[in-house]
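Hi there,

Here's the structure I promised to pass on. Have a look at it first, then read my notes below.

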Amino acid sequence: MSVLWPHLPYQPGETPASFMGRLAVRHGIDDPKLLGQMLGIDFRAVARGQPRHLEALARVADVDASGLLQNAVRFDRQRGGTYRREKLAASALHRGYRRVCLRCLIEDTEASELPASWAAYGRTLWMLAAIRTCPVHRLPLVEVGLPAERSIVHEFTRCVAPALRDLEHLALSHDPRPLSDLETYLIRRLDGSSGQAPWLDSLDWHVAAKLCEIVGLVSLDGRRAKIRGCPESHWQAAGHAGFAIVSVGPDGLHAFMDDLYRTYRPHTSALAHGRKLFGTFYEWLTSAGRQSDFEPVRILVRRSIARIMPLGAGDKILGSTIEVRKLHSIRTLSIATGRDPRRLRKILFAVRLAAAEQHDDWDHHIVFDAATAERVVAKYSDALTLPNIATLLGCSLVQAKRLAAAGFLRPIPLFADAPGLAPVYARAGIVAFLDALLHHAVPVDTVLDHMCPLTDAARRANCAVKTIIQLVIRGELPTIHLDRRKAGYAALLVAPREIAAALAQPDDVDLLKLRQVEKILRVNGKVISRLVRAQVMPAWSGVRSSTRRRITLVPRRDLDAFRARYISASELARANATSCRGVVWYLKELGIEPEIGRAQCGVSFYLRDTVLEPSVQDRLAGALRDRPRSRFGRANTPEPDPATTQRQHKLEIGSGSARRSERSRAVHRVPANRKLSQPSTSRDLIHTVDQPDPDLALLKAQNQPRAEGADRNRDQSTKRPQREIGRT
């Protein structure tokens, strides 16, 4: 094949179709297809990048075929299009008017001596829809010339010819702008560099470009963003925003999907499908479903949706059917189990199945593992509330609450510890309590006169209902009847006299009151009460038959056993003439902890055999001798003998009375050194009122009742300073 003359140089980055069109115009042929027919080269095959025709064109034009092959977009029916080893779909190429960089065309014409129609050429980069900015001049690519009709779709020269006469004016009407991050990434990828976004690198070039643009468009305009009619400048901004989200990888796309799901606020969103929840993005993925290139994106989106939505078996998402439910929301769990969603919310947060940061979210936004949630709900499916227990036992709600407060009914631990969660009780525990309560009862048809229900028996026997229930469960009452006409708790009948006999004071005469125990142990009465309540010190509590008042007594043998086993910190302090704080501090240094802590009863009690060992006492005495006394505080000196204290008190009272008698006999006289302002007469008397005696004032305050009103004012007048009263 001969070489055309004159030659026309091939420009870098030029499309083969543009080069063949300029070559035809250079030889006076307007239609490049006609030139191809003359040379035996198919122009459409050149535009489609078929290597055989490109090599033939290179031989005719006397140019290097590698440039044409590198800048050609190759299309075949099996694999689609490819450009520089990157796969392109037909939708990745710009359709319609030719997009050009006006400044590039101006430089083409200025740098060549040929006419503008011969010098201006089209770049392959301008054909890519995702590239909207010239990487050389940072100017937006604009559409110029004639519409790309089917007959001239590949003829760049004929399409842009009308605009070549006014390039300078058109260039001034557009301001420069920087390349977006997406455009920079796509251009680098065409040049062979990668690694900036590993997950995007795994996708086809056109898939990565379109995914970033759609994600950015939805993030800027909302879930119902419109794809049609969107201007090129907005697409460029959308690509920039979408690349920031998707370049992170699958986590970024998952966060984008999660945000779309959680920002859909209508009440019906619990039952909304994917199109409503995810809007334009979901519709775009559905329409692109016929293209296998987008399958990796659809797989990832399905996984993201399955992680955030409570999809059940049979639900469809992006054409795929869910076979097994993996997530539940509070709403779907409520529908599946028939439970109140408010109580389910409390239970799920109590067991920490729902994340704490989701506490303020809507019920259909709080998702959790479906299998675990179903096991938790099944575990508490037969749980009963107090109203249900009252119905089951046949008692009132108040009586059910008292049984729970007394400890006969124990709630499920989860509901006992969770704040704001009403306690519930296992049905098996309630049934066991009822069986134990009625175990010793004998069914009767006629109620005897001396038998009465538990509440009446408690009032007649002057004791608590829980005490009677304990006697009934232990079988300590001789007569326990069960009224056949009633059921449950209300049918139980007991005799008040038998209850009083069972609670009578033991025959053991050697019983001590709590006041006596307090004096023996020399500790506060509150400490004794706490020891009795904690069941550390055995005691009997009942109703005294004479006064019908409750009384607590401690057997002396139990008190002796307690004293033989324990010793208080105050007793150790008195024995060592120091403070309780010092004893506790140094024993702690020795590694000896109290057997009964101060937080439990108010005073620390130690095991007597442990702290009274000679080695421990020697080390304690040495510490008290070597260390400063201020280390342990003020010494705890032994208390004086009560008899000696009483005698001293009587002596002080007697001496005070003697002093008051002497002062009461004092005469009113005028001091010798007193100078009167007027001559004194036999009738002039000067009365001097002495200060009140402090002992006398104390005695009056002890013997006289507290006055109110005027009496209180009169008492205050006695505290005024001494004054003289003159009378003439």
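This is a predicted model: local features need pLDDT of at least 70, side-chain atom pairs count only at pLDDT 80 or more; totals for chains, interfaces and linings use all residues.

Residues are numbered from 1 along each chain as its sequence is written, and side-chain values use heavy atoms, leaving out hydrogens and water.

The sheet is open and has three strands in the order β1-β2-β3, paired antiparallel. (Strands are DSSP runs of E with at least two residues, helices are runs of H or I with at least four, both numbered from the N terminus; two strands pair if DSSP finds at least two bridges between them.) β1 (74-76) and β3 (86-88) sit at the edges with a single partner strand each, so one side of each has no neighbour in the sheet.

β1 pairs with β2 (residues 80-83) over three bridges: D76 stands opposite G80, and F75 has G81 as its bridge partner. β2 and β3 also pair over three bridges, with T82 partnered by K87. Their hairpin has two residues between the strands, and R84 there takes a positive phi near 50 degrees.

Now the helices: the axes (lines fitted to C-alpha atoms over the stretch in contact, with angles from 0 to 180 degrees between N-to-C directions) of α1 (residues 16-26) and α2 (residues 32-39) come within 8 Å and cross at roughly 85 degrees. The contact (heavy atoms within 4.5 Å) involves M20, G21, L23 and A24 of α1 and P32, L35 and G36 of α2.

Cheers!
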